[in-house]
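Look at the model first, then read on.

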Amino acid sequence: MRQAHTVEQVRAAEAALMARLPEGALMMRAAHGLAQAVADWLGSTYGRRVLLLVGSGDNGGDALHAGALLARRGAGVEAWLLSDQVHAGGLAALRAAGGQVVPAGVQTGPRWGTRWGARPEVVVDGIVGIGGRPGLRPAAQEALARVEGVPVVAVDVPSGVDVDTGEAPQPHVRATFTVTFGTHKAAHLVDPAARAAGTVHLVDLGLDLPAPGVESLQAADVSRLLPRPSDDAHKYTRGVVGVRAGSATYPGAGLLSVAGAACGLAGMVRYVGDAAVADRVRQAHPEVVGAGRVQAWVVGSGTGDDAAATLAEALADAREHRLPVLVDADALHHLTGPLDVPAVLTPHAGELAAMLDEDRAEIEARPLHFAREAARRYGCVVLLKGRHTLVSTPDGRTRATTTGTPWLATAGAGDVLGGVIGALLAAGLDPFDAASVGSWLHGAAATLVSRGGPLVAGQVGGAVADVVRALPAP
Ligand SMILES: NC(=O)C1=CN([C@@H]2O[C@H](COP(=O)(O)OP(=O)(O)OC[C@H]3O[C@@H](n4cnc5c(N)ncnc54)[C@H](OP(=O)(O)O)[C@@H]3O)[C@@H](O)[C@H]2O)[C@@H](O)CC1
Ligand SMILES: Nc1ncnc2c1ncn2[C@@H]1O[C@H](COP(=O)(O)OP(=O)(O)O)[C@@H](O)[C@H]1O
Ligand SMILES: [K+]
């Protein structure tokens, strides 16, 4: 599990550890990890040109100490100081190692060069870390403008983003990669900040941390959580998923929801809906049967004018038999308040905007806030679809999905996702695990079929089996 802790949690854990370690030990661990990551990325250090952007806090201290380590390995390291007060020990270490400070007078010109005339090969963003407020001050903006186009390594977080919410009001640093310390922060997992962080490397500091607010499943977690058939399983013990999706107007949504549900993770799939759609479902998936008892319902996609009635039927059956329900697409607009059955809602940003009476742009700017808000308001698990899909519970616990590919942003992909999650609900996972595991598998299956190229939604359900086969042993 990749875990993201809040600034407050990190500060408490760091204080506890620092009390037991010599002064400066944690910063040196951080600086060694940072210097190594920069050296690995450059491929060599001797003669390479590194520019440090150094703010007033310990984030700048990390950059200065890492710069000193790189200078000792032969790199040409210069520090651009953005404050009169920078980390004194770090600056002394850099100078002692042969690193230089950019003189104030030469910090001008649209394409600033190093003291060798050439541009730096990498910029180390030590402007602010977990002590920073969102946004960047003018001096930092000017320095970044001078080195535009040079790859940036962010120290701990890309400066300017909101560390605990993942929000990223302009301006902020856009990093090629980020080297973080002790644990991940929400800004590494949650968009839009996660996009600004690039690839994230974690340097272990040995912190003792409490339960995280945001986490991200890894292949081993998915393998551990995935329901597998027992030796004596039969189709009913594995769970039956019922799909109420599609209509004469939108038959494809029914077919694609079933394609997800029929990924093989449940024992059986039932389709309940328009007769013509049911015929096409059976042609495409001969194993699918009609109405009967189920262990979970998937309801909503492509139900159009029938959405309210279809949702009501599914909820009535779920109430009677205490079944979980996945509500998607058209049916989302007919929810009026907290659900009285275990449920997963799967809106994209536009649908969530309508549900919460907000602008879509607001949802996209603050996805963590609004996923949690919706989970609280509807009293169930809410999965907000996007590049890094978020799954939140009413008490705020959240998982971010980091599998997937932008090629998955294609019509019908969400219908398949609903079906996959429905199969996992029927197989016995609770709504939080079903939604987060289903989203992880859906993203991984998309990456598998995409192989770097385009895909259509119908391919994704069938690829879940290959993803499951490739999981590590539980
Ligand atoms: N603690 C530990 O054990 C370890 C910590 N470590 C490292 O320390 C980092 C945290 O360091 P920190 O607490 O000194 O805060 P940090 O983020 O460097 O700077 C905050 C200062 O910047 C300023 N400022 C604020 N907003 C700004 C803005 N938008 N734009 C520009 N400036 C802004 C403001 O100062 P002001 O200028 O207002 O006086 C504020 O005081 C952490 O991320 C990690 O890298 C590692 O070494 C591992 C061990
Ligand atoms: N940029 C992106 N990168 C990766 N996955 C994405 C991206 N944009 C959307 N997705 C995923 O693609 C799917 C789209 O679903 P949805 O918007 O409901 O489409 P539809 O309603 O047509 O089925 C979701 O699983 C979402 O998480
Ligand atoms: K930073």
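The crossing of α3 and α4 is left-handed, a term used when the near helix is turned anticlockwise from the far one by less than a right angle, with right-handed used if clockwise. The structure is a predicted model, in which local features need pLDDT of at least 70, side-chain atom pairs count only at pLDDT 80 or more, and totals for chains, interfaces and linings use all residues. Residues are numbered from 1 along each chain as its sequence is written, while chains are lettered from A and ligands numbered from 1 in the order in which they are written. Helices (H or I, at least four residues) and strands (E, at least two) are DSSP runs, numbered from the N terminus.

**Helix pairs**

The axes of α3 and α4 (residues 88-96) come within 8 Å and cross at roughly 15°. Axes here are lines fitted to C-alpha atoms, for helices over the stretch in contact, and angles run from 0 to 180 degrees between N-to-C directions. The two helices α3 and α4 are therefore roughly parallel to each other; angles under 35 degrees count as roughly parallel, over 145 as roughly antiparallel, 65 to 115 as roughly perpendicular and the rest as oblique. On the α3 side the meeting residues are G60, G61, L64, H65, G67, A68 and A71, and on the α4 side they are G89, G90, L91, A93 and L94. Two residues are in contact if their C-beta atoms, placed from the backbone, lie within 7 Å. The contact of α3 with α4 has six nonpolar, six polar and no charged residues. In this classification Ala, Val, Leu, Ile, Met, Phe, Trp, Tyr, Cys and Pro count as nonpolar, Asp, Glu, Lys and Arg as charged, and the others, Gly among them, as polar.

A second pair is formed by α10 (residues 251-261) and α11 (residues 275-284), which pack at about 40° with their axes 9 Å apart. That angle makes α10 oblique to α11. The crossing of α10 past α11 is right-handed. P251, G254, L255 and V258 make the contact from α10, and A276, V277, R280, V281 and A284 make it from α11. By class, this contact of α10 with α11 has seven nonpolar, one polar and one charged residues.

**Sheets**

Strands of a sheet pair through backbone hydrogen bonds, either parallel or antiparallel. Two strands count as paired if DSSP finds at least two bridges between them.

An open sheet of seven strands has the order β4-β3-β2-β5-β6-β7-β8, with parallel pairing. At its edges stand β4 (100-101) and β8 (199-203), each with a single partner strand, so one side of each has no neighbour in the sheet. Within this sheet, β2 (residues 49-54) and β3 (residues 76-81) pair in the parallel sense over six bridges, and V50 has V77 as its bridge partner in β3. Helix α3 lies across β2, β3, β5 (122-126) and β6 (152-155), running at about 160° to β2.

Another open sheet has ten strands in the order β1-β9-β17-β16-β15-β14-β13-β12-β10-β11, and the pairing is mixed. Its edge strands are β1 (2-4) and β11 (268-271), each of which pairs on one side only. From one strand to the next the twist averages 20°. Three bridges join β1 to β9 (residues 214-216), and these strands run antiparallel. The bridge partner of Q3 in β9 is E215. Helix α15 (residues 367-378) packs on the sheet, touching β14 (343-345), β15 (381-384), β16 (390-392) and β17 (398-400), and its direction makes about 150° with that of β15.

**Ligand shells**

A residue is near a molecule if its C-beta atom, placed from the backbone, lies within 6 Å of it.

| Ligand | Residues around it | Closest residues |
|---|---|---|
| ligand 1 | 27 residues | G57, D58, N59, G129 and G131 |
| ligand 2 | 17 residues | H348, K385, A409, A413 and G414 |

Helices α1 (7-18), α2 (25-42) and α3 (58-72) each supply at least two residues of the shell around ligand 1. The largest share of that shell around ligand 1, four residues, comes from α3. Its residues divide into eleven nonpolar, ten polar and six charged. For ligand 2, helix α16 (residues 413-426) gives the most to the shell, with four residues. The shell around ligand 2 has six nonpolar, eight polar and three charged residues.

**Backbone details**

A cis peptide bond joins Q170 and P171, with omega about -15°. P171 is in the loop between β6 and β7 (177-181). The peptide bond from D191 to P192 is also cis, with omega near 0°. R322, although not a glycine, has a positive phi of about 55°.
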